[in-house]
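Please read them with the structure open.

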Amino acid sequence: MDKLAIEGGVPLAGEIVISGAKNAALPILCAALLTSGTMTFSNLPHLRDVATLLKLLAQMGVRVTQEPDAVMSLDASGLDNPCAPYDLVKTMRASILVLGPLLARCGEARVSLPGGCAIGARPVDQHIKGLQAMGAEIQVEQGYIHARAGRLRGARVCTDMVTVTGTENLMMAASLAEGETIIENAAREPEVVDLANCLARMGARILGAGTDVIRVHGVERLIGAAYAVMPDRIETGTYLCAAAVTGGRVRLVNTAAATLDSVIDKLMEAGCDIQLAPEAICLQAPARLKSVSLRTAPYPAFPTDMQAQFMAINCVADGVASIRETIFENRFMHVAELQRLGADIQIEGNNAIVRGVASLQGANVMATDLRASASLAVAALAARGETLIDRIYHLDRGYEDMAEKLSRLGAKVRRI
Ligand code: UD1
């Protein structure tokens with residue numbers, strides 16, 4: 001199993017290119033199921049989750065072709081197996097994103113329940129509730145969701161909580177339904193907007209993406225289109241934290257500063273000087289960061305996917321920070337590992353109190369989930385001595401070439 005060895009203490013400096021967004025790429029690739037036309041995608045990140053999804057789509061009869069210039073084409077005209085088996089779904093919860101498109105295009109779908117994961121129970125009841133409102137008959141048996149429908153009908157759906165993939169699943173299903181679907185309490189994440197923009201290129205009629213009420217006027221068919229995936233705001237935020245914690249100065253390009261307001265605000269509060277251009281962000285860190293308290297919540301508030309990385313920077317900041325996690329019930333798995341590096345963190349329910357220490361010391365640590373791994377890398381960059389991070393397959397799910405990108409910024413990193 002691959003490990004990452006990081007020798008801390010080097011201020012990061014230089015420029016790197018941000019990859020396409022994992023959380024936009026996954027739903028957008030699923031949108032290819034909605035058409036018999038050929039979709040061509042650019043700016044797809046090279047990640048394990050993307051490879052897993054392509055494997056899943058190929059198994060359903062989708063032809064996946066790597067074209068020149070890093071373009072990937074997907075042709076779902078031969079879609080003949082609307083089934084997502086457990087062995088693939090269990091490795092990636094986002095596989096649930098095939099449910100809406102399969103049902104809308106094939107009139108049936110058999111998708112494994114994603115099951116639990118390290119950061120909590122993560123049910124999919126809202127996806128099911130929304131599709132039922134659109135006329136689907138759904139049974140959950142032997143760990144599988146069996147869904148059937150004639151043509152889906154437009155409906156008014158108000159989700160009980162803000163769900164990102166739930167909103168995306170319903171938006172995709174609704175784009176081929178008969179009549180208008182109104183999704184209330186919709187997620188406003190930029191990745192939802194990116195999916196809506198892709199669907200619009202395919203001929204879908206969607207209004208309100210980026211607000212909490214999305215209206216989808218269903219059409220009879222969608223057509224093939226070309227689409228470039230948005231930049232990854234969480235990858236961007238992670239490298240900003242890495243630069244901040246090392247007292248570095250970096251420039252990140254091919255990113256979208258406008259999708260990172262809450263993260264940038266917190267980094268400025270921590271004492272970083274940040275300069276923004278439409279597609280680039282420059283960060284200059286202070287000699288020592290100030291602690292910043294935060295509370296995660298749906299977009300545009302502070303993202304849960306950046307909580308662990310900010311926990312890491314608070315470990316060595318000046319002061320005491322309170323970090324409250326409101327989205328997932330078990331998203332403090334990184335705390336025990338950060339403590340192995342010498343961090344002073346106390347957990348009370350969904351609140352973590354982080355007292356900044358003068359320095360962390362390298363140690364052997366274990367990655368437990370994707371963003372937890374990122375926080376360990378951030379902390380390791382600030383620690384004295386070498387940190388060995390085990391189980392970095394979690395990191396490979398969501399960060400393209402992290403070791404290479406960090407090396408380009410001068411970090412002492414080896415993949416073992
Ligand atoms: C997406 C992101 C993930 C991010 C999360 C929250 C993708 C592929 N993944 O995950 O990186 O951390 O948003 O920003 O985009 N819930 C239910 N029932 C449902 C659906 C959700 O109870 O049917 C709950 C979840 O357990 C969680 C909360 O709602 O507590 C939000 O989850 P959701 O937004 O659905 O997360 P994902 O879409 O899975």
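1. A backbone N or O atom of Gln 126 lies 2.7 Å from an oxygen atom of the ligand in this predicted model. For Asp 125, a polar side-chain atom is 2.7 Å from a ligand nitrogen atom; for Arg 93, a polar side-chain atom is 3.0 Å from a ligand oxygen atom. How much of the ligand does the protein bury? Taken alone the ligand exposes 740 Å², and 88% of that is buried by the protein.

2. Two elements give two or more residues to the shell around the ligand: helix 5, residues 125–133, and helix 6, residues 164–175. Helix 5 gives the most, with three residues. There are 19 residues around the ligand, and those that come nearest are Asp 125, Thr 163, Thr 165, Asp 305 and Ile 327. Sorted by class, the shell holds eight nonpolar, six polar and five charged residues.

3. Helix 6 deserves a separate look. Is helix 6 mostly covered or mostly exposed? Of its 12 residues, 11 are buried. Among the buried ones are Thr 165, Gly 166, Glu 168, Asn 169, Leu 170 and Met 171.

4. At the N-terminal end, helix 6 is capped by Thr 163, with a side-chain oxygen 2.9 Å from the backbone nitrogen of Gly 166.

5. Strand 17 has pairing with two other strands to report. Strand 15, residues 249–253, is joined to strand 17, residues 280–284, by five bridges, and the two run antiparallel. Arg 249 has Gln 284 as its bridge partner in strand 17. Strand 16, residues 273–277, also pairs with strand 17 in the antiparallel sense, again over five bridges. In that pairing Gln 275 stands opposite Cys 282 of strand 17. Strand 16 and strand 17 are joined by a hairpin through two residues.

6. Val 320 stands opposite Arg 355 of strand 21.

7. Most residues other than glycine have a negative phi, and most peptide bonds are trans. Which peptide bond is cis? The bond from Tyr 299 to Pro 300 is cis, with omega near 10°. Pro 300 lies in the loop between strand 18, residues 294–295, and helix 10, residues 307–315.

8. Asn 43 has phi near 60° and lies in the loop between strand 3, residues 38–42, and helix 2, residues 48–59. Asp 69 has a positive phi of about 60° and lies in the loop between strand 4, residues 63–67, and strand 5, residues 71–75. Asn 43 is partly exposed, because its relative accessible area is 25%. Asp 69 counts as exposed, because its relative accessibility is 71%.

9. A last point concerns Arg 63, which is found in strand 4. Is Arg 63 buried or exposed? Its relative accessible area is 55%, so Arg 63 is exposed. How far from Pro 303 is the C-alpha atom of Arg 63? The two C-alpha atoms are separated by 34 Å, and the residues are 240 residues apart along the chain.

How values were computed. Residues numbered from 1 in each chain as written. Predicted model: local features only at pLDDT ≥ 70, side-chain atom pairs only at ≥ 80, totals over all residues. Heavy atoms only, no water. Near = heavy atom within 4 Å. Polar contact = N/O pair within 3.5 Å; in protein donor to acceptor, adjacent residues only side chain to side chain. Areas by Shrake-Rupley, 256 points an atom, 1.4 Å probe, with all protein chains shown as cover. Helix = DSSP H or I, 4+ residues; strand = E, 2+ residues; numbered from the N terminus. Nonpolar A, V, L, I, M, F, W, Y, C, P; charged D, E, K, R; others polar. Buried < 20%, exposed > 50% of the residue type's maximum accessible area, 1.4 Å probe, protein only. Pairing = 2+ DSSP bridges.
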